[in-house]
Amino acid sequence: MLFVYRIFINIVFILSPLIIIFRLLRKKEDIKRFREKLCFFSKKRGSGKIIWFHGASVGEIKSIIPILEKLEKNKIIDKILITSNTLSSSKIIQQINLKKIVHQFFPIDTNFLSNKFINYWKPSCVFFVDSEVWPNTFINLEKKQIPINLINGRITKKTFSNWSKFPNLAKNLFSKFNLCLSSSTESKKFLVKLGAKKVKFLGNLKFSETQNENFEKNEILNKYFNSKKIWCASSTHHNEEIFCGKIHIELKKKYKDLITIIIPRHIERVSSIVSELSKYDLKIHIYRNKEKKIHPDTDIFIVDAYGKTKTFYNYCKIVFLGGSLIKHGGQNPLEAARFGCNILHGPNVSNFNEIYKFLKKNNVSKKVINFHSMLSNLNKLFSKKNNTKKLQKKLTSIGKNILKNTYQEINILIKNEI
């Protein structure tokens, strides 16, 4: 199976110029930095000891920010290399004010490129986040005796089922992990079955939060939203914005001062979202980093900027989490919960099952399955108070404990390897 994978990934490499051009046209690549994926490095390694973290996209990178803040103060580490696959994740990293961090895009996982990447950066140890498993990179790291670790490991039933079809490959790759810190008890069980040797469950890192990120306080927004009835659809995917637009039209019959805030998961889709919603005669305002005057009759307020969810959760008491009406697996609801928001989500939340169960148990989240249930729940929530401070304190306490224990494990590994 490894032979087949290598044929496939080499075909991807051969086609990469066409793939990258297509992604550039769709604004999914950085025109100045896409060559990093082909190991044309935009940063110099420099001297000293480097530890490497890799997370696929925004969610994975956000989950390790509290860990990175602690490692920034660790004197035995000279530099922290962060790699990711997506443009949106690189934008998030740009907002992290940590001197030791350097970001590069993860290279295409061919044998040649992975070797070139490892030989250039020479990491002392590597931490993959969530469910990132790259065969050629793993094999080349092992050859150079560089420890491979998994943090906040997440293996869903679907992922486990897919890996189970190739048991020999799975055992070969998962056994290479020096340590796996799983994000759930279910993931721990699946990791062991797939061949991981040392697996611990300390909790989901997504419960933890950065201590240094401040959300924007905008007087224009504050004045405008204080006079409106607001709900927010966050981390939305294709077709979910249309669903929310139709919900807005129906709710507007009852709430004349209604504003629906939409924060798309991928902001390069904003122009197509505007085009689709405009067909319903909705008045749309597009928010970027610098606010302009908002029309008093605005219906849909679309956020066209990265890293602004906290700003808008501060104004809302109701948040619908996207990626859940479609078969995507849902998005992380904890940030909204910390701001006291009541949370709605669709039926597809397999990526965050345990988190949603926790929120449901605390009467914070509610599942919606269709247009009618979404409408009904929004009407109920408009008259409900925000979540209690007791829950917010509970979330903070859980997050701090998970962060403390995870950092202790990582710190032991780093001390042994550097």
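Select Met1, Phe3, Val4, Ile7, Ile11, Phe13, Ile14, Leu15, Leu18, Ile19 and Phe166: they make a nonpolar surface patch of about 1,100 Å². Patch members have over 30% relative accessible area (Shrake-Rupley, 1.4 Å probe, only the protein chains shown counting as cover) and no salt bridge, with nonpolar side chains (Val, Leu, Ile, Met, Phe, Trp, Tyr) joined within 5 Å. This is a predicted model: local features need pLDDT of at least 70, side-chain atom pairs count only at pLDDT 80 or more, and totals for chains, interfaces and linings use all residues. Residues are numbered from 1 along each chain as its sequence is written, and side-chain values use heavy atoms, without hydrogens and water.

Zoom in on Ile14, in helix α1 (residues 2-25). Helices are DSSP runs (H or I, at least four residues), numbered from the N terminus, and strands likewise (E, at least two). Ile14 is exposed at 63% relative accessible area; exposed means over 50%, buried under 20%, partly exposed in between (1.4 Å probe, protein chains only).

Next, pick Arg23, Glu29 and Lys37, linked in a network of salt bridges. A salt bridge is a side-chain nitrogen of Lys or Arg within 4 Å of a carboxyl oxygen of Asp or Glu. Arg23 meets Glu29 at 2.7 Å, N to O. Lys37 reaches Glu29 at 2.8 Å. Glu29 and Lys37 are buried; Arg23 is partly exposed, at 24%.

Now select Asp299 and Lys252. Their side chains form a salt bridge at 2.7 Å, N to O. Asp299 sits in the loop between β10 and β11 (300-303), Lys252 in helix α10 (residues 240-252), 47 residues apart.

Methods. Patches are made of residues with over 30% relative accessible area and no salt bridge: like charges are joined within 9 Å, nonpolar side chains (Val, Leu, Ile, Met, Phe, Trp, Tyr) within 5 Å.
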